[in-house]
Every structure is written in structure tokens, then in C-alpha cells.
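Try each task before reading its solution.

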Amino acid sequence: MYPELSYLDITKKLEVLRTKQRQTNIEIASLEEMKSRKLSEAFYNWNLYQSRKKDIHDPYPTVRF
């Protein structure tokens, strides 16, 4: 795959690839966290919507004094 590389060239190439891999892993973790947060927000908003919808369309509203 690679032509004959010296030990130093191989070491440098590995360092570059590991750096890129670290950056990719950080980006993946960040996106997973954002995805989780968005899902939580959507779930919270859906529950809030359902509870408000129930209050508005309740055929037997609760009277509170």
C-alpha cells in the first residue's frame, strides 16, 4: 500500500492518523451529545403538548377552588 518508508516516516504518519482519529472521536462524541439533548427536548415538548392538549380537550374539566 505504501512504498518503502523509513521508521521516522512511519512514525510521523501514525502520529498524523492518530491525531485525526482523536479529532473524529471528539466530533462523534459531541454530535452524539447534541443528538441526545435534542431527543430529550423533543420528548419534553411532546409530553408538554400532550398534557396541554388533554387540559384543553378534556370533556370533564376539573374544577379547582
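Predicted model: local features only at pLDDT ≥ 70, side-chain atom pairs only at ≥ 80, totals over all residues.

**Exercise 1. Work out which secondary structure elements the chain has.**

Solution. Start with the helices: the chain has 1. Next, look for strands, and you'll get 0. The helix, α1, covers residues 7–56.

**Exercise 2. Find what share of the chain's residues count as buried, and describe its accessible surface.**

Solution. First, the cut-off: buried means under 20% relative accessible area. Apply that to the 65 residues of the chain and 0% count as buried. Then take the accessible surface of the chain, which comes to about 6900 Å². Carbon and sulfur atoms own 60% of that area.

**Exercise 3. Locate the salt bridge in the structure and place its partners.**

Solution. Searching the whole structure turns up 1 salt bridge. Its partners are E33 and R37, with the closest N and O atoms 3.3 Å apart. Now place them: both sit in helix α1, 4 residues apart, or about one turn of the helix.

**Exercise 4. Identify the residues that make a nonpolar surface patch of about 220 Å².**

Solution. The patch is made by L5, I10 and L14. Take I10 as one of them: I10 is found in helix α1. With a relative accessible area of 40%, I10 is partly exposed, and that clears the over 30% needed for a patch residue.

Technical notes:
Residues numbered from 1 in each chain as written. Heavy atoms only, no water. Salt bridge = Lys/Arg side-chain N within 4 Å of Asp/Glu carboxyl O. Helix = DSSP H or I, 4+ residues; strand = E, 2+ residues; numbered from the N terminus. Buried < 20%, exposed > 50% of the residue type's maximum accessible area, 1.4 Å probe, protein only. Areas by Shrake-Rupley, 256 points an atom, 1.4 Å probe, with all protein chains shown as cover. Patch = residues over 30% accessible without salt bridge, like charges linked within 9 Å, V, L, I, M, F, W, Y side chains within 5 Å.
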